[in-house]
Amino acid sequence: MSLTPMQVERRLLDLSAEIDVAHADLINAEQVYHAAKATFEISMARARMSVSHPDMKLTSVQREDEALIQNAGQYVDLAIAEAEVKAARANSSRIRTQVDIARSISVSVRASMEI
């Protein structure tokens with residue numbers, strides 16, 4: 001398969017647009033993640049305080065477990081948000097790799113056109 005410089009340039013332009021979208025997606029995923037993390041941590045602190053009663057003889061691990069049980073939904077939300085951030089980062093990395101490949105192809109195509 002033979003590529004022209006114009007085809008390679010078109011692909012680079014398409015990748016440039018993909019980078020912009022991926023960057024916006026990553027920013028959004030990071031914001032959702034950090035909001036979920038803050039909400040979860042505040043809820044966990046409240047839950048730990050609510051099970052910290054002098055009459056209750058719980059270990060710190062038991063208090064932590066009880067707080068986690070009380071905030072299970074938020075913990076799941078946080079885990080999902082973290083997964084979305086990781087996916088957005090992986091997508092950005094994938095696009096960067098494609099840009100590098102397209103640049104290498106561009107050099108090769110231009111060199112073959114000069115021969």
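Me: Which side chain does Arg 94 meet in a salt bridge?
Reply: Glu 18. The N to O distance is 3.3 Å. Keep in mind that this is a predicted model.

Me: Where do those two sit?
Reply: Arg 94 lies in helix α3, residues 72-114, and Glu 18 lies in helix α1, so the pair ties together parts that are 76 residues apart in sequence.

Me: Is Arg 94 buried or partly exposed?
Reply: Partly exposed, with a relative accessible area of 37%. Glu 18 also counts as partly exposed, at 27%. The cut-off for buried is under 20%.

Me: What about Arg 10, which residue does it form a salt bridge with?
Reply: Asp 14. The closest N and O atoms are 2.7 Å apart.

Me: Why is there about one helical turn between them?
Reply: Because they are four residues apart in helix α1, which covers residues 5-50. Arg 10 is partly exposed at 48% relative accessibility. Asp 14 is partly exposed too, at 29%.

Me: Which residue pairs with Arg 103?
Reply: Asp 100, in a salt bridge of 3.9 Å, N to O. Both lie in helix α3, three residues apart, about one turn of the helix. Asp 100 counts as partly exposed, at 45% relative accessibility.

Me: Which residues are joined into one network by shared partners?
Reply: Arg 11, Glu 18 and Arg 94.

Me: And how many salt bridges does the count come to?
Reply: Eight.

Me: OK, new topic. How many helices and strands does the protein have?
Reply: Three helices and zero strands. From the N terminus, the order is α-α-α.

Me: What radius of gyration does the protein have?
Reply: 24 Å. A compact globule of 115 residues would come in near 13 Å. The C-alpha trace spans about 85 × 20 × 15 Å along its principal axes.

Me: How much of it is buried?
Reply: 23% of the 115 residues. The protein exposes about 8,200 Å², and carbon and sulfur atoms supply 59% of that.

Me: What share of contacts join residues at least 24 apart?
Reply: 79%, among contacts between residues at least 6 apart in sequence.

Me: Last one. How far apart are the mean positions of the positive and negative charges?
Reply: 3 Å. There are 13 positive and 16 negative charges.

Notes:
Residues numbered from 1 in each chain as written. Predicted model: local features only at pLDDT ≥ 70, side-chain atom pairs only at ≥ 80, totals over all residues. Heavy atoms only, no water. Salt bridge = Lys/Arg side-chain N within 4 Å of Asp/Glu carboxyl O. Helix = DSSP H or I, 4+ residues; strand = E, 2+ residues; numbered from the N terminus. Buried < 20%, exposed > 50% of the residue type's maximum accessible area, 1.4 Å probe, protein only. Rg over C-alpha atoms; globule rule 2.2 N^0.38 Å. Contact = heavy atoms within 4.5 Å. Areas by Shrake-Rupley, 256 points an atom, 1.4 Å probe, with all protein chains shown as cover. Lys, Arg positive; Asp, Glu negative; His and termini not counted. Charge placed at Lys NZ, Arg CZ, Asp CG, Glu CD.
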